[in-house]
Amino acid sequence: MATQNSNPRSERGVEDPIIEMRGASVTYDEGESYVLDDVSLDIGRGEIVGIIGESGSGKSMLASSMLDAIPDPGLLTGGIRYNPPDDEPIEILDLDKEGIRELRWEHVSMVFQGAMSSFNPTMKIRGHFAETLDAHDADRTAGMERARELLSDLYLDPDRVLDSYPHELSGGMTQRALIALSLVLDPDLLVMDEPTAALDLLMQRSILQLLGGLREKYDLTMVFITHDLPLVAALADRLAVMYAFKLVEIADTREMIENGGHPYTRALLNSTPNLDAPLEEMRPIDGKSPAPINLPSGCAYHPRCPLATEQCREEVPGYHEGVGGAWRGVFPPRRGDQRNSAELRRLAR
Ligand SMILES: Nc1ncnc2c1ncn2[C@@H]1O[C@H](COP(=O)(O)OP(=O)(O)O)[C@@H](O)[C@H]1O
Ligand code: SF4
Ligand SMILES: [Mg+2]
């Protein structure tokens, strides 16, 4: 639940934030176009935040910016503060190379999009764990013990997996091994970018359940990125919606599903398949999400928005904090619009 915070950087903040992101932006062509545009977001210690939005909306840019891992030659600006549990805050963008190396894996770990293929095919899974432990001067014996425990937590047979080459594992096993690897140095925050996208529905759901268990056992904070709203609604405490490289709304999961205020959030909810609702009530979102060049004027959603006015074409809308920490758009929610949210309500805890 969002509350005012005494930290002046955190006027929209959550209590005890582990990450405070302020005005984070990413540009590629010397400031000509933004692929992450002025995003401010707090992640509370111990919570799971789901980031949703269509493909190309900037979700991966947002995730990578939390570790200062934007692909070259992107330029990341703004403020990103990491608050360790028992230490002074760290300004991530002020860190030198060594500081970043330490931050990644040991404090903030990330499962990158499509990372399943990043396992070296010529090295057994054991080698990947050993390499990571050695690179951070961690105790090999204790580290491998932790690896085995994590693999068991993820319902894998540690001996079998550690002694396998990546190609000997199924997709679901590979993804779970990757999650175990990302946690082997005991980070506080795990950022996962579409970690289950390549898996079948059943495997996606069971991995999400296991992630919920890991959060409890290891006091983890998680950021889970996906374009699959029902999937993340079952796991996340809060949801953040991205459109055209901006964060357009953030709220508690249930609040978002019941009262999502931004017209794009409502369109996302309405385009979500609902097993209970007649097919004709499912409405795909018309139009295409914009590319970074030639963004529509004013509110970037205006060409697709059924509520767009002349003002929306000219002005970028402002946001304010609503009940429950939602950053509300300029228009109030229309409850009757969400015909397909019954299934989502059922999934949201
Ligand atoms: N390496 C890159 N160089 C330039 N533009 C990029 C690069 N990677 C992604 N983009 C652009 O940044 C925008 C946001 O991308 P991304 O964060 O990957 O979206 P999402 O994860 O939501 O699908 C997209 O328009 C994409 O074309
Ligand atoms: S500002 Fe206007 S165009 Fe943009 S989402 Fe709101 S109503 Fe729609
Ligand atoms: Mg992505």
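Which helix gives the largest share of the shell around ligand 1? I started there, keeping in mind that this is a predicted model. Helix H1, residues 59-65, holds that share, with 3 residues of the shell.

**Ligand 1**

I listed the shell and got 13 residues around ligand 1. The closest ones are Val35, Lys59, Ser60, Met61 and Pro71. Sorting the shell by residue class, I have 6 nonpolar, 6 polar and 1 charged.

**The sheet of 4 strands**

Next I looked up the open sheet with 4 strands. Its order reads S2-S1-S4-S5, and the pairing is antiparallel. Strands S2 (34-44) and S5 (90-91) are the edge strands, each pairing on one side only.

I then went through the pairs of strand S1, residues 17-27. Towards S2, S1 pairs in the antiparallel sense over 7 bridges. I noted two positions in that pair: Glu20 sits opposite Asp42 in S2, and Ala24 has Val39 of S2 as its bridge partner. Towards strand S4 (residues 75-82), S1 again pairs in the antiparallel sense, over 7 bridges. There I picked out Ile19, which faces Tyr82 in S4. As a reminder to myself, side chains in a regular strand alternate between the two faces of the sheet.

The S1 and S2 hairpin has 6 residues between its strands, and in it Glu30 takes a positive phi near 50°.

Most residues other than glycine have a negative phi, and most peptide bonds are trans. Which peptide bond is cis? I found the one from Asp72 to Pro73, with omega near 0°. Pro73 lies in the loop between H1 and S4.

Trp105 went on the list too, as a residue other than glycine with a positive phi, near 75°. I traced Trp105 to helix H2, residues 97-106. Asp219 is another entry: this residue follows H7 and has a positive phi near 50°.

**Helices**

I checked H7 (residues 201-218) for length. The helix has 18 residues and spans 26 Å from its first C-alpha to its last, close to the 26 Å expected at 1.5 Å a residue.

How do H3 and H4 lie relative to each other, oblique or parallel? I took the axes of H3 (residues 125-135) and H4 (residues 140-153), which come within 10 Å and cross at roughly 135°. H3 and H4 are therefore oblique to each other. I also logged the hand of the H3 and H4 crossing, which is right-handed.

**The sheet of 6 strands**

Last, I turned to the other open sheet. This one has 6 strands in the order S6-S7-S8-S3-S9-S10, with mixed pairing. Why is one side of S6 and of S10 left without a neighbour in the sheet? Strand S6 (108-111) and strand S10 (246-252) stand at the edges with a single partner strand each, so one side of each has no neighbour in the sheet. Direction ignored, neighbouring strands of this sheet are turned by 15° against each other on average.

I looked at one pair here in detail. Strand S7 (residues 189-193) and strand S8 (residues 221-226) run parallel and are joined by 5 bridges. In that pair, Leu189 stands across from Thr221 in S8.

Note on methods:
Residues are numbered from 1 along each chain as its sequence is written. Chains are lettered from A and ligands numbered from 1 in the order in which they are written. This is a predicted model: local features need pLDDT of at least 70, side-chain atom pairs count only at pLDDT 80 or more; totals for chains, interfaces and linings use all residues. A residue is near a molecule or strand if its C-beta atom, placed from the backbone, lies within 6 Å of it. Ala, Val, Leu, Ile, Met, Phe, Trp, Tyr, Cys and Pro count as nonpolar, Asp, Glu, Lys and Arg as charged, and the others, Gly among them, as polar. Two strands pair if DSSP finds at least two bridges between them. The expected span of a helix is 1.5 Å times one less than its number of residues. Axes are lines fitted to C-alpha atoms, for helices over the stretch in contact, and angles run from 0 to 180 degrees between N-to-C directions. Angles under 35 degrees count as roughly parallel, over 145 as roughly antiparallel, 65 to 115 as roughly perpendicular and the rest as oblique. A crossing is left-handed if the near helix is turned anticlockwise from the far one by less than a right angle, and right-handed if clockwise.
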